[in-house]
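Here is a walk through one protein model.

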Amino acid sequence: MASHGLDYDGCNFFRQRLVLSTLSGKRVKIRNIRSKDDNPGLRDFEASFIRLLDKVTNGSRIEINQTGAVLFYQPGLLYGGSIEHDCNLQRSIGYYLEALLMLAPFMKNPLKATLRGITNDPTDPTVDRLKSTVLPLMKKFGIEGEGFDLKVMKRGMAPGGGGEVVFTCPVRKTIRPVQLTDSGKIKRIRGVAYSVRVSPQMGNRIVESARGVLNQFIPDIYIHTDHMKGANSGKSPGFGLTLVAETLEGCFLSAEMSSTPQGQGDPVLPEDLGRNCAKLLLEEVYRGGCVDSSNQSLALLLMTLGQQDVSKLLLGPLSPYTIEFLRHIRDFFQIMFKIEVRKPLEDERKGGDKVLMTCVGVGYSNLNKSLK
């Protein structure tokens with residue numbers, strides 16, 4: 001490892017590296033980005049992501065060679081403020097928003113970001129899922145306030161997009177450590193069945209089939225239908241479902257599905273989508289933990305950046321993305337987690353094997369926040 005910063009190879013885990021680089025202030029050089037591809041270098045959505053980082057920071061230096069296969073990034077200060085960004089349509093807004101959620105509490109000024117593009121697609125976490133799981137998770141770490149919100153102004157399905165969301169987040173000087181070791185039993189399930197540019201009946205069909213599966217387990221289920229019309233419905237037809245199970249301890253586990261984008265692959269029946277999404281939620285509950293699999297890395301990052309005290313978090317099996325994220329945290333912050341596998345007892349009915357993650361925070365304090 002050279003003294004000038006960190007060197008990486010390849011295009012995988014691109015966002016992780018740039019986000020951690022921005023938070024730790026360490027420079028990053030990424031080589032061989034798709035260098036063996038017919039069309040080498042950064043894709044448009046990655047270039048769009050770099051532009052977004054450039055908008056929220058002040059004084060970042062970004063150098064890309066002619067083919068786009070080598071990127072050098074020297075992070076500036078996180079500035080925040082009010083920004084607007086048109087996200088590239090190759091990925092949904094969730095791709096950009098996940099990174100913003102990690103950076104937003106450490107800005108100099110409270111962030112107000114207006115992002116336009118695809119709000120719901122099958123690959124990235126949708127805006128609904130981020131709103132219903134990430135915001136409550138961040139509140140546990142002391143990131144809250146009246147300015148903490150994520151609003152869906154317009155929906156936009158893939159491939160045409162046309163959606164718009166507004167994300168506002170207050171700044172925090174420090175992050176409080178957490179002890180989340182018991183997820184508790186599921187007490188209720190909430191959800192949103194959304195449809196745009198298709199018959200409003202689609203939403204009801206999704207809800208009915210999802211309830212058909214979930215009603216066997218719990219009575220308190222409310223799935224809201226959201227049918228946006230006219231200018232607020234984006235440019236492409238589609239529908240989908242986001243389900244969130246809330247536990248007695250205030251943990252949120254979620255699952256979601258979106259219809260196949262117009263013109264790509266076989267169409268999906270709303271009944272199948274509702275049923276399959278309900279099964280995905282049951283799978284997520286079985287995996288368990290205090291944070292669902294899509295938010296593991298965010299929770300681990302906030303634990304790393306917490307005050308110099310012990311944080312504990314119980315997770316379900318770690319996703320491959322999370323495992324790579326732990327390696328990156330070690331590179332950028334020299335923090336190692338203690339990992340204990342916990343097998344539930346047979347009569348407990350607590351689902352799959354769990355992992356207890358423990359670390360001592362680095363005591364990260366927001367350097368950009370002037371003390372008044």
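UniProt positions are given in the numbering used here, feature names are shortened, and annotations may be inferred rather than shown by experiment. The model is predicted: local features need pLDDT of at least 70, side-chain atom pairs count only at pLDDT 80 or more, and totals for chains, interfaces and linings use all residues. Residues are numbered from 1 along each chain as its sequence is written, and side-chain values use heavy atoms, without hydrogens and water.

An unreviewed UniProt entry annotates residues 181-285 as "domain: RNA 3'-terminal phosphate cyclase insert". The end C-alpha atoms of this span lie 15 Å apart. Its content is 29% helix and 34% strand. Helices (H or I, at least four residues) and strands (E, at least two) are DSSP runs, numbered from the N terminus.

Now take the whole protein chain. It has eight helices and 18 strands. Its radius of gyration is 21 Å, close to the 21 Å that the globule rule gives for 372 residues, so the chain is as compact as a globular protein of that length. The radius is taken over C-alpha atoms, and the rule is 2.2 Å times the number of residues to the power 0.38. Of the 372 residues, 53% count as buried, meaning under 20% relative accessible area (1.4 Å probe, protein chains only).

Finally, turn to helix 8, residues 320-333. Its 14 residues reach 20 Å from first C-alpha to last, close to the 20 Å expected at 1.5 Å a residue; that expected span is 1.5 Å times one less than the number of residues. Its buried residues include Phe 325, Ile 329 and Phe 332. Gln 334 follows helix 8, with a positive phi near 55°.

Terms used:
Buried means under 20% relative accessible area, exposed over 50%, partly exposed in between (1.4 Å probe, protein chains only).
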